Amino acid sequence: MATWADIRTWSPDGVAEASDSLRTVGTRLSSLHEDAELALSQVASRSSGVNAMRAALRSSITEHSELIARIGSLQTATAAACDGLIAVRRQVLACQDYVDANPYLSLADDGTVTAMLPTTSNMTATTAATTTGDSAGGTTPDAKLIQSQADELAGMVAAAVTLANQVDAEYAQALNTTSQAIADSGSHSFNRTKDSDTDKSRTGRVFPWGGRQSNSGDGTGHATNKTGLGNPVPGEHADMPGVDPWQYPGDSENEGSGKYAQRIATPHDHVVHELATLAAGACESMWPDASKNLYHYLQNTGEPQDINVDNMLTDLPDLPVDAQADAEWMASQAVADAQTSGTS
C-alpha cells in the first residue's frame with residue numbers, strides 16, 4: 001500500500017516514457033505483421049516445400065497477432081497509469097498549496113495534518129503573522145475555522161493516497177492479466193528449469209521451412225544417443241597469439257549489470273521486463289533454446305542453466321562444412337602470404 005510519504009515524490013515521467021516506448025514497439029510490430037501477410041499473399045507456388053513454409057509463416061502471423069494484442073493492452077494500461085499518476089500529482093500539489101495558503105496548518109512528511117490552534121501563549125505571534133492593514137492587533141483567528149481547514153486538508157491527503165493506491169492496483173492487475181494470458185495460452189512454461197523441460201522443448205521441434213527435427217543427432221542427420229562433445233580428433237599444437245587484455249568499458253545508462261539492488265526498479269524497468277517476457281514466449285516455437293535461456297535470465301533465480309551443445313550443433317548442420325571451408329581458405333591465405341614474403 002502506498003503512503004503519503006511515497007506519493008508526494010511520485011512523477012509520471014517514467015511511466016509516460018514507458019507508454020511511448022510501448023506505442024513505438026506496437027507500431028513496429030504492426031508494420032512487420034503487415035509485411036508478413038503481404039509476403040504470404042504473394043507466394044504463388046504450391047509445391048510441398050513452399051506449402052510447408054506457408055504454413056509455418058501463417059502460424060507465426062497468428063502468434064504475432066497475439067503478441068501485438070498483448071502489447072496493445074499493456075500500452076493502454078500504461079497510458080492509463082500515466083494519466084492516473086498525473087491526477088495523483090495534481091492532488092499532492094493541491095495539498096501543498098493548501099498548506100502554504102493557511103499558515104495555521106502543517107503537513108508532515110508522513111501525511112499527518114496538524115492545526116496550530118490559537119492560545120494565550122501564541123496569540124500575539126500568530127495574529128501578527130496574519131494581520132493586514134495598519135492595526136497591530138489584527139483579528140483573533142477562529143479555532144473552529146482552523147480545525148475545519150485541518151479536517152479538509154486531511155481529507156484531501158486521504159483522497160490522494162486512495163487514488164494513488166487505486167492507480168497502482170489497476171496497473172498491477174493489468175500486468176498480471178497480461179502475464180496470465182501468456183501462461184494460459186500454453187506457449188511456454190514459466191518454470192522451465194529442469195532437464196526434462198529442456199527435452200520437452202526439443203521434442204517435435206518445428207523449423208521455419210516445415211518438418212520436424214529429431215531430439216538427438218550427430219550433426220549428419222543420423223539419430224544418435226551420444227552426449228557430450230564426442231571423441232577428440234588429432235590436431236596440431238599452436239601457441240596462443242598475444243592479445244591485449246580486455247578492459248571493461250563500464251555500464252551504459254540502460255545496462256542492467258552492476259551491484260545487485262543498487263537502485264529501485266522503475267516502471268520503465270518493469271515494462272522492459274514484461275516486453276522481454278512477451279518476446280520470449282512469442283519466439284519459443286521457433287527458437288526454444290533462446291526462449292528457455294531468456295526465461296532463465298528474466299527469472300533471476302541464480303540456478304545453473306544447462307546448455308545442450310550437441311543439439312546446438314545439430315541445429316546448424318552446415319557448421320562443420322563451413323568451418324572446414326574457412327580453415328582451408330585461411331591455410332591457403334597463409335601459404336600465399338608466406339610465398340609473397342619470401343619465407344618459403
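In the predicted model, Leu74 is buried, with a relative accessible area of 0%. This residue is found in helix α3, and, when residues up to four places away in sequence are not counted, Leu74 touches Leu22, Leu175 and Glu274. Leu22 belongs to the residues of α2 that meet helix α7, so that Leu74 of α3 is in touch with a residue of the α2 and α7 contact. Between Leu74 and Gly26 the separation in sequence is 48 residues, while their C-alpha atoms are 10.0 Å apart in space.

A second pair of positions gives a further view of α3. Gly72, which also lies in helix α3, is partly exposed, its relative accessible area being 31%, a value that falls between the 20% limit for buried residues and the 50% limit for exposed ones. The C-alpha atoms of Gly72 and Val25 are 9.4 Å apart in space, although the two residues are 47 positions apart in sequence. Val25, for its part, is listed among the residues of α2 that meet α7.

Helix α2 spans residues 13-42 and helix α3 residues 48-101, and the two pack at an angle of about 160° with their axes 9 Å apart. That angle makes α2 roughly antiparallel to α3, because an angle over 145 degrees is counted in this class. The crossing of the two helices is left-handed, and the residues of their contact divide into 19 nonpolar, eight polar and four charged. Ser19, placed in helix α2, counts as buried at 4% relative accessibility. With residues up to four places away in sequence left out, Ser19 touches Gln75, Thr78 and Ala79.

Helix α2 also packs against α7, where the axes come within 8 Å and cross at roughly 25°. Here α2 is roughly parallel to α7, since the angle lies under the limit of 35 degrees. On the α2 side the contact involves Gly14, Val15, Glu17, Ala18, Ser21, Leu22 and Val25, and these meet Pro267, His268, Val271 and Leu275 in α7. By class, this contact has seven nonpolar, three polar and one charged residues.

Helix α7 (residues 267-283) is in turn packed with helix α8 (residues 288-299), their axes coming within 8 Å and crossing at roughly 155°. The angle makes α7 roughly antiparallel to α8, and α7 passes α8 in a left-handed crossing. From α7, the contact is made by His273, Ala276, Thr277, Ala280, Gly281 and Cys283, whereas α8 supplies Pro288, Ser291, Leu294, Tyr295 and Leu298. Division of the residues in the contact of α7 with α8 gives seven nonpolar, four polar and no charged.

Asn300 lies in the loop between α8 and α9, the latter helix covering residues 309-314. Asn300 is exposed, with a relative accessible area of 56%, and its phi is near 55°, a positive value in a residue other than glycine. Most residues other than glycine have a negative phi.

For the protein as a whole, the secondary structure comes to ten helices and four strands. From the N terminus on, the elements run α-α-α-β-β-α-α-α-β-β-α-α-α-α. Of the 344 residues of the protein, 25% count as buried, and both Leu74 and Ser19 fall into the buried class. Among the contacts with a separation of 6 or more, residues 24 or more positions apart account for 69%.

Notes:
Residues are numbered from 1 along each chain as its sequence is written. This is a predicted model: local features need pLDDT of at least 70, side-chain atom pairs count only at pLDDT 80 or more; totals for chains, interfaces and linings use all residues. Side-chain values use heavy atoms; hydrogens and water are left out. Axes are lines fitted to C-alpha atoms, for helices over the stretch in contact, and angles run from 0 to 180 degrees between N-to-C directions. Angles under 35 degrees count as roughly parallel, over 145 as roughly antiparallel, 65 to 115 as roughly perpendicular and the rest as oblique. A crossing is left-handed if the near helix is turned anticlockwise from the far one by less than a right angle, and right-handed if clockwise. Ala, Val, Leu, Ile, Met, Phe, Trp, Tyr, Cys and Pro count as nonpolar, Asp, Glu, Lys and Arg as charged, and the others, Gly among them, as polar. Buried means under 20% relative accessible area, exposed over 50%, partly exposed in between (1.4 Å probe, protein chains only). Contact means heavy atoms within 4.5 Å.
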